[in-house]
Amino acid sequence: MMTGKGEVRILVVDDDPNFRRLMRAILSAISTAEIAEAGDGHQALQVMRDFAPTLILVDWHMQPMGGAEFISHIRTHTDSPNPLVPIVVVTGHAESGLATQIRDVGADDFVVKPVSPRTVLGRILRVLQAPRLYVRSGDYMGPDRRRRTQENLPDDRRRPDGPGAKVDG
């Protein structure tokens, strides 16, 4: 729950300093006290070592390290500061198939720019208050791609003790 200072630490990763300022203003308005910024994925990895975010908002299209590469590094690299941190992609591009790409790289959710405070808050609350199990399967590491509850599944493939075993939740 985001009710006081220090409860949620959000890292905003975007190559546009104006958008980072906008996000800081939106997040400050909803009483999220601790906010850090980075201009690209490489810088964000450095910031994560000292800041330890509880949530990351990351732009999809950045240089030199964009959102997909950054998320992949966070989820699968051996020196990842936190492979289980919730990640919400914020993108100005809504091309066909992007939602699938974002999901397949291991992001928890996404928001399309231009953003509204209500939309950003809604995604943050959904990701933090109703987290999905994280799974490791083949080359994928991230939130369970299905939003169904375990009780609705027909077999044991997504049960915590099954072949698609829970990493942490």
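The model is predicted: local features need pLDDT of at least 70, side-chain atom pairs count only at pLDDT 80 or more, and totals for chains, interfaces and linings use all residues. Residues are numbered from 1 along each chain as its sequence is written, and side-chain values use heavy atoms, with hydrogens and water left out. Helices (H or I, at least four residues) and strands (E, at least two) are DSSP runs, numbered from the N terminus.

**Sheet**

- The open sheet consists of five strands with parallel pairing, in the order β2-β1-β3-β4-β5; two strands pair if DSSP finds at least two bridges between them.
- At the edges stand β2 (34-38) and β5, each of which pairs on one side only.
- From one strand to the next, the twist averages 20°; axes are lines fitted to C-alpha atoms, for helices over the stretch in contact, and angles run from 0 to 180 degrees between N-to-C directions.
- Strand β4 (residues 87-91) runs parallel to β5 and is joined to it by four bridges.
- Val89 has Phe110 of β5 as its bridge partner.

**Helices on the sheet**

- Helix α1 (residues 17-29) packs on the sheet and touches β1 (9-13), β2, β3 and β4, where contact means heavy atoms within 4.5 Å.
- The direction of α1 makes about 170° with that of β2.
- Helix α3 lies across β3 and β4 and runs at about 150° to β3.

**Backbone exceptions**

- Most residues other than glycine have a negative phi, and most peptide bonds are trans.
- A cis peptide bond, with omega about 0°, links Gln63 to Pro64; Pro64 is in the loop between β3 (55-59) and α3 (67-76).
- The bond from Lys113 to Pro114 is also cis, with omega near 0°, and Pro114 is placed in the loop between β5 (109-112) and α5 (117-129).
- Ala52, in the loop between α2 (41-51) and β3, has a positive phi near 50°.
- Ala52 counts as partly exposed because its relative accessibility is 48%; buried means under 20% relative accessible area, exposed over 50%, and partly exposed in between (1.4 Å probe, protein chains only).

**Ring contacts**

- The charged end of Arg9 sits over the ring of Phe51, 4.2 Å from its centre; the rule requires NZ of Lys or CZ of Arg within 6 Å of the ring centre and within 35 degrees of the ring normal.
- Lys113 lies over the face of Phe19, at 4.1 Å from the ring centre.
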